Amino acid sequence: MPSPAPAPRRIAVSAPQFQGNEWKYVQECLESTWVSSIGRFIPLFEGQFAAYCEVEYAVATNNGTSALHLALLGMGVGPGDEVIVPTLTFVATANAVTYCGAKPVFVDSEPRTMNLDPVRLEAAITTRTKGILAVHLYGHPADMDAIAEVAKRHGLFVVEDAAEAHGALYKGRKVGGLADAGTFSFFGNKIITTGEGGMVTLRDAERMARIRLYRGQGMQQDRRYWFPVVGYNYRMTNIQAALGLAQLEQIARYTEHHRRVAGWYAEQLGPVGEALRLPVEEAWARHAYWLYTVVLGPGVAVERDAVMAGLAEVGIETRPVFYPMHVMEPYYEGRGRYPVAERLSERGISLPTHVGLTEEDVRYIAGQLRRLCGL
């Protein structure tokens, strides 16, 4: 194998950009001293994000995991319940179910979009099943109509985990507004960021009020320091919301650039054919391309981790596809039960995908990937 070319610089897998009103809005927070969980930017961010997702309500939270937990509490999930979750997801999806005292029940992936396979849903439903958590993995929407059809037939709720899919579309509609509730993450590696932060999106006023109650330690809104339930401190700060509002003002540009980056990768990697399985975009979807995730085909003899190590040597940061939940110690079920998810996890690599990338960067990354895979 040829010697690697010297790395011109380190290319991060993701990198937040602050090119709008972030400094201005945060400075206003500092000057006004409204830096905690009260301030004008919180309702502004909530209102504008709700409008962006085409829903009535949005509730800001301190991170995406708490948004998931609150959404499930809003659906009434509790001890003894079961919630169906794709096994191929970030661990927060399963953990949020466990926080409620419920059990996550795993379903394998369908190979094209890497999302929960709706065909396998029916077999996972029991008398204890309360709902379904549909994850839009890496930015491609799950097949929501197929999922909703099963849910309706069995009287189940559906919550979208849209942490990785800001701006993605399903049949022309924004994710986050396709089910009983949606959840988002604004961690520093997401398409828009508040540093840490999250959001629950929904249309039902009663569930929204329940979520707000649990978000603020369980304090009754019209009776200060009265707590009818055991709640949580899941509130977003005014500073985080200020960042979020400024980021939301630029989301159209950010999402378009992610798609532009994906197009550059496709141009560079498409000619290798079946050796690399590139992300698909179904006819009914608009992929957000949070990360550009490729899967090494059977014709690539090199192990996935060796390819990632080689990319790191030439300054390119990558991420492995998530480990399936069923191989983790807290949720261990043994290997072989979810073969699609296991294969995707073992052979998948997420490449740098962010607003700061140039076409030259992508050409360099793709060239090094092809070299290391012998393509």
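Predicted model: local features only at pLDDT ≥ 70, side-chain atom pairs only at ≥ 80, totals over all residues.
Begin by selecting Phe49 and Phe186, whose ring centres are 5.4 Å apart and whose planes meet at 85 degrees, so that the pair counts as edge-to-face. Phe49 belongs to helix H2, while Phe186 sits in the loop between strand S8 (181-185) and strand S9 (198-202), and the pair thus links distant parts of the chain, 137 residues apart. Phe49 is buried at 0% relative accessibility, and Phe186 is likewise buried at 0%.

Next, select Phe106 and Tyr331, where the ring centres lie 5.8 Å apart with the planes at 80 degrees, so this pair too is edge-to-face. Because Phe106 lies in strand S3 (residues 103-107) and Tyr331 in the loop between strand S13 (319-320) and helix H11 (339-347), the pair ties together parts that are 225 residues apart in sequence. Both Phe106 and Tyr331 are buried.

Over the ring of Tyr52 you will find the charged end of Lys174, 3.8 Å from the ring centre. For another such arrangement, select Arg223, which lies over the face of Trp226 at 3.8 Å from the ring centre.

Finish with the backbone at Thr33, which has a positive phi of about 70 degrees although it is not a glycine. Thr33 lies in the loop between helix H1 (22-32) and helix H2 (41-53), and its relative accessibility is 59%, so it counts as exposed.

Key: Residues numbered from 1 in each chain as written. Heavy atoms only, no water. Helix = DSSP H or I, 4+ residues; strand = E, 2+ residues; numbered from the N terminus. Buried < 20%, exposed > 50% of the residue type's maximum accessible area, 1.4 Å probe, protein only. Phe/Tyr/Trp six-rings, centres within 6.5 Å; stacked < 30°, edge-to-face > 60°. Lys NZ or Arg CZ within 6 Å of the ring centre and 35° of its normal.
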